[in-house]
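Welcome! Here is a short briefing to read with the model open beside you.

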Amino acid sequence: HQVQNDKFLTNFSKMRKLLQICQDLGWYLTENGDEREKRDTNYRNPKLECLLEILSTNPEGDHKYLIFFQNQSLIPRIQENIIKSISEINKNHISIIDSSIDPKIRHQTCETFQDTNSDLKILLLTTSSGSLGLNLTAADICIFYEHDWNPNKDIQAMDRCYRIGQNKAVFVYKLISDSAIERRIIEVQEQKKQLIEKVIHSREVLDENVVADVGDVFNEVLSS
């Protein structure tokens, strides 16, 4: 409520801060210079708890995981929590791929991940880096910790483990904070998917109904 009622914040800034709270309250406090982060760490993070539960189901099994984020600065925080919370996972089991990683190192990391005999089982990636032609078919579990307004970006990221050579069933998890702005993102994603289908299958290019749908989705995003 404090963020929503702040008259000095633009709607975009409010949305960004609300999304930070959905991902990790401690991350929000740190990013916004709040001193409470230094003296009070006894807050729950339900989304992180769900992620840890998925990873803890069979930590020593053959599963390999892709975990996608929107915000690069959140990834090291989640990596630290995973290593600290699951005793079977250490630094050799988890790695990061984002825009800050040198392309050569990124390529080497992908090759190591693809090796079925390697210890590397978890990749933490930004959605944008996950769409850059990476082949990660060794993964059989794909987790979206954060979500993009554009459904195609999430789909492209998910396709990293659906490329030629995939011979396992792939499970996809979307972690969503209910009754929050994230629920609205998922709703807009679905509306955009339906809109794309209408455009593709419409006999007339952008008929009046499709144009009206475009306007509705645009207005709903601005009012979220």
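How many disulfides does a search of the whole structure find? The search finds 0 disulfides, a disulfide being a pair of cysteine sulfur atoms within 2.5 Å. Please keep in mind that this is a predicted model, where local features need pLDDT of at least 70 and side-chain atom pairs count only at pLDDT 80 or more, while totals for chains, interfaces and linings use all residues. Residues are numbered from 1 along each chain as its sequence is written, and side-chain values use heavy atoms, leaving out hydrogens and water.

**Cysteines**
- The closest cysteine sulfur to that of C161 belongs to C142, and at 4.6 Å it is too far for a bond.
- C161 is buried (under 20% relative accessible area, with a 1.4 Å probe and protein chains only), at a value of 0%.
- C110 is buried as well, with a relative accessible area of 7%.

**The largest pocket**
- About 340 Å³ of space lies in the largest pocket.
- A pocket is an open set of points on a 1 Å grid over the protein atoms alone, where a 1.4 Å probe fits, with protein on both sides within 12 Å along at least five of seven lines; lining residues have an atom within 4 Å of a point.
- Of the 15 lining residues, L19, Q70, N71, H147 and W149 are the closest to the centre of the pocket.
- Helix α1 (11-23) gives the most to this lining, with 6 residues.

**Helix α8**
- V188 lies in helix α8 and is buried, with a relative accessible area of 0%.
- The C-alpha atoms of V188 and N150 are separated by 8.5 Å, though these residues are 38 apart along the chain.

Methods
Grid points are joined across faces, edges and corners, and a volume is the space filled by probe spheres set on the points. Helices (H or I, at least four residues) and strands (E, at least two) are DSSP runs, numbered from the N terminus. Buried means under 20% relative accessible area, exposed over 50%, partly exposed in between (1.4 Å probe, protein chains only).
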